[in-house]
Amino acid sequence: MAIGDIIVGIDIGTSKVSAVLGEVNNFNQIEIICQASTKCEGIKKGKIINEDKVAEAIAQAIENAEEEANLKINSAYITIPGKYATIVQNSVTKELKDRYSGISVRDVGQAIMQVRDIEVPDGKTIIDIVPNEFVLSDGKVTRDPVGELSANFTLNAQIVLADKDYTRQLAAIFRKAGLEIDGMVPVTLAERNLILDVNELHDNVMLLDIGAGNTDIGVFEGESFVYTNTIPLGGDNITKDIAVVLEISEEEAEKLKKQYGLALKSFIDNDNDIILNTYTGDSKNKIIKSSELIEIIEARIEEIFSLVNKDITNQGIKPKINNVILTGQGITSINKSDVAGKIILNIPVKIATGRLISTVKPSYRSAYSLVRYIAARPFAKTVSSSIDTKSDTNILMTIMERIKEFFYS
């Protein structure tokens, strides 16, 4: 990445669109310029059902970010749900003319271009290349082979494919919002380096992001991204269950979920009385036991984990998973959700404890993770989104810098 690159990341969730602007500083770290979000009503069960509403939400979030940052945003990167992505493992070996001249950036770039030369299935398109490791002729494995002396090297990489129809739909929506798409990244791939701690980054783990309407699955074997998918259930389904069963408003249901959130009825300490203030039945204020509420929560959480378990079992990847890491606003506020997950999945489960998680508001984590992922993309000359400044002075400075690059680079 290049110092000064400004990266715009957008995450389209079931209930909101979040945007984060980050700039690469002199220490090759991301500094947040601004962040903005707005409600989105155009998505249901992970599917875009109203393109205009999604476009309006994106445009509004970007407009809010532009006002705060005093910048004009023309393009952005975007996360996509795992169900629209497919991962293909591929390897290429590149012979070098002179083993004593050292592997160059150009050699690596050529290998990356070669590794993407696969037979792309109908209806799919390549959206990302993830260089996993380089194996030198002496067997040494490295993440960055530049400068190494070797007769050849083998690049092992993941090719990320996306459904072509979905990418076209996103492109059309972004055009309506006045933006171009810089790139698309599966949400769990983007979140990996933010959510996982140092030890988990080298383990075989499943990252589960349980959001408002979706549960995204990402499976990693060490550094390799091996599987992703989406279960169309999340925290909002728990809220709606509570509202329907108890005959109360969704607002009160959400409040009760947060106040009494517990994933397993067996962990209840005191079975307190709860007064339902928006009960629509015969009596004005109905009283229930907290166990009745938690039973509703437990049933939906059990279903979510059961569907995840069925998916990874059918894919044949469950035996490879050593640990499960939970994240997402739809689940982390519910106590003992990790215990419920362990019972159903029969794999150790824990709430994410990555050291950077607490530095970012939950509603912006996916968008911020995307910005960090793009900034850390290896062997890329530039990753900047298309940005114009609204300041006349800065515009002149930018023009002068471009002139200098033209004549002196």
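A residue counts as buried when its relative accessible area is under 20%, and Cys 40, with a relative accessible area of 4%, is therefore buried in this predicted model. Cys 34 likewise counts as buried, at 2% relative accessibility.

The structure holds zero disulfides. A disulfide would need two cysteine sulfur atoms within 2.5 Å, whereas the cysteine sulfur nearest to that of Cys 34 belongs to Cys 40 and is 19 Å away. Seen from Cys 40, the nearest cysteine sulfur is that of Cys 34, at 19 Å, and Cys 40 is in no disulfide.

The accessibility values discussed in this report are set out below.

| Residue | Relative accessibility | Class |
|---|---|---|
| Cys 34 | 2% | buried |
| Cys 40 | 4% | buried |
| Gly 316 | 43% | partly exposed |

Gly 316 sits in the loop that runs between helix H7 (290-314) and strand E18 (323-327).

The largest pocket holds about 1400 Å³ of space, and its lining comprises 49 residues, of which Thr 14, Ser 15, Ala 212, Gly 213 and Asp 236 lie nearest the centre of the pocket. Among the elements that give two or more residues to this lining are strand E1 (6-12), strand E7 (75-80), strand E13 (204-210), helix H5 (235-246) and helix H9 (365-375). By residue class, the lining of the largest pocket divides into 19 polar, 17 charged and 13 nonpolar residues.

Definitions and conventions:
Residues numbered from 1 in each chain as written. Predicted model: local features only at pLDDT ≥ 70, side-chain atom pairs only at ≥ 80, totals over all residues. Heavy atoms only, no water. 1 Å grid on protein atoms, 1.4 Å probe; cavity = no way out; pocket = protein on both sides within 12 Å on 5 of 7 lines; lining within 4 Å. Points joined across faces, edges and corners; volume = space filled by probe spheres on them. Helix = DSSP H or I, 4+ residues; strand = E, 2+ residues; numbered from the N terminus. Nonpolar A, V, L, I, M, F, W, Y, C, P; charged D, E, K, R; others polar. Buried < 20%, exposed > 50% of the residue type's maximum accessible area, 1.4 Å probe, protein only.
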